[in-house]
Every structure is written in C-alpha cells, then in structure tokens.
Amino acid sequence: MRLGRLTVLALMLVVGGCAAAAPGYTPPDANLDKYKAAAPRGGGFDQAGRYSLSEQEQKLNCKQLTGSITIKIVQMRDARNRIQPSAIASAAQTTVRPIVGGSAYGASIDEDLRTDRARLEALNRQLAAKSCPTFDLDGDLAPGNKNPPRPVKAPGRKP
C-alpha cells in the first residue's frame with residue numbers, strides 16, 4: 001500500500017516538473033483561434049492621419065458600407081451633445097492605457113470626431129470605388145442638420 005502512494009507521489013512530481021519546465025505555456029484553444037481569425041487585418045491610420053480600410057471593410061458591399069456610414073454620421077452629430085471629459089479623466093486614461101491596454105477613444109471628443117471623419121471619408125471613397133451612391137459628408141455633418149443621412153447618386157451613373 002505504501003509503495004502505491006510513493007508511486008503516485010513520484011508521478012505527480014514528474015508531471016509537475018514538466019509543467020514547470022514550460023512557463024507561460026497555454027494549451028491550444030479552438031475558440032481563441034476562431035476569434036483571432038475573425039479579427040480585422042490591415043487598415044488603420046497612417047502618419048498623416050489618413051485612414052486605410054481593413055481587409056474586412058474592403059469586402060463590404062454597398063448596402064453594408066452605406067449602413068456603416070449612416071450610423072457613424074448620426075453618432076457624430078450626437079457627439080456635439082456630449083460633455084467633454086475632465087482633464088483628470090483624460091490624463092488618467094492616457095497614463096493607464098500603455099500599462100493595461102485599451103483605446104484612446106473617449107479621451108477627447110475633438111480627437112474622436114477627427115478620427116471618425118477620416119474613417120468616414122475612407123468608407124465614402126470605397127463606395128465611390130464600387131460605383132455606389134456616396135454621401136455628402138460636409139452637408140450631412142453640418143451643424144443643425146437633422147435630416148436623415150442619405151447617399152446621393154453614384155458617380156458616373158446617369159439618373
């Protein structure tokens with residue numbers, strides 16, 4: 001009986017030693033692989049502040065692009081009604097972000113609107129490239145405009 005206990009203890013030590021030999025190892029996770037495969041690739045902002053579309057955004061059809069732009073225009077119109085974050089909150093977010101990660105979105109409404117506008121322009125260019133009706137972004141984002149955002153006729157097409 002004592003020999004069986006010693007065998008089990010020895011086996012546990014060997015297995016524990018193997019686990020300690022590979023610190024940071026995590027077994028493969030099928031769900032994690034699925035999420036990584038679905039994550040956007042490419043795209044983002046360049047040094048000049050111009051937005052380039054991700055692979056997923058480039059594959060969107062006219063209806064999907066139009067929907068994305070419409071929602072973002074309405075959100076940007078509403079941004080004028082938001083209260084600016086306090087200097088303390090913005091500084092805290094800026095300080096903590098490099099440590100814990102996360103986004104800078106929300107730290108400055110003006111910066112958020114600038115980046116949103118750059119993305120809207122890229123999406124609108126994609127609409128034009130696909131010969132879809134595009135938006136008049138200046139008109140749709142004009143202060144006081146409460147009309148629903150609607151695309152105008154497609155470039156190069158007869159009415």
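## Exercises on a predicted chain

From the N terminus on, the elements of the chain follow the order α-α-β-β-α-α-α-α-α, where helices (H or I, at least four residues) and strands (E, at least two) are DSSP runs numbered from the N terminus. The model is predicted, and local features need pLDDT of at least 70, side-chain atom pairs count only at pLDDT 80 or more, and totals for chains, interfaces and linings use all residues. Residues are numbered from 1 along each chain as its sequence is written, and side-chain values use heavy atoms, with hydrogens and water left out.

**Exercise 1.** Find which residues of the largest nonpolar core touch the most other members, and which element gives the largest share.

*Solution.* Begin with the terms: a nonpolar core is a set of buried Ala, Val, Leu, Ile, Met, Phe, Trp, Tyr and Cys residues joined through side-chain atoms within 4.5 Å, and buried means under 20% relative accessible area, exposed over 50%, partly exposed in between (1.4 Å probe, protein chains only). The largest such core has 16 residues, of which Ile69, Ile73, Leu120, Leu127, Phe135 and Leu137 touch the most other members. Next, look for the elements that give two or more residues to this core, which are helix H4 (62-79) and helix H6 (109-129). The largest share, five residues, comes from H6.

**Exercise 2.** Determine where the buried residues of H4 lie around the axis, and what covers them.

*Solution.* First list the buried residues of H4, which are Leu65, Thr66, Ile69, Lys72, Ile73, Met76, Arg77 and Ala79. They cover an arc of only 145° around the axis, and therefore lie on the same side of H4; the arc is that of the directions from the helix axis to the C-beta atoms. On the other side of H4, Lys63 and Ile71 are exposed. Finally, the cover over the buried residues of H4 includes helix H3 (55-58), H6 and helix H7 (137-140).

Technical notes:
Contact means heavy atoms within 4.5 Å.
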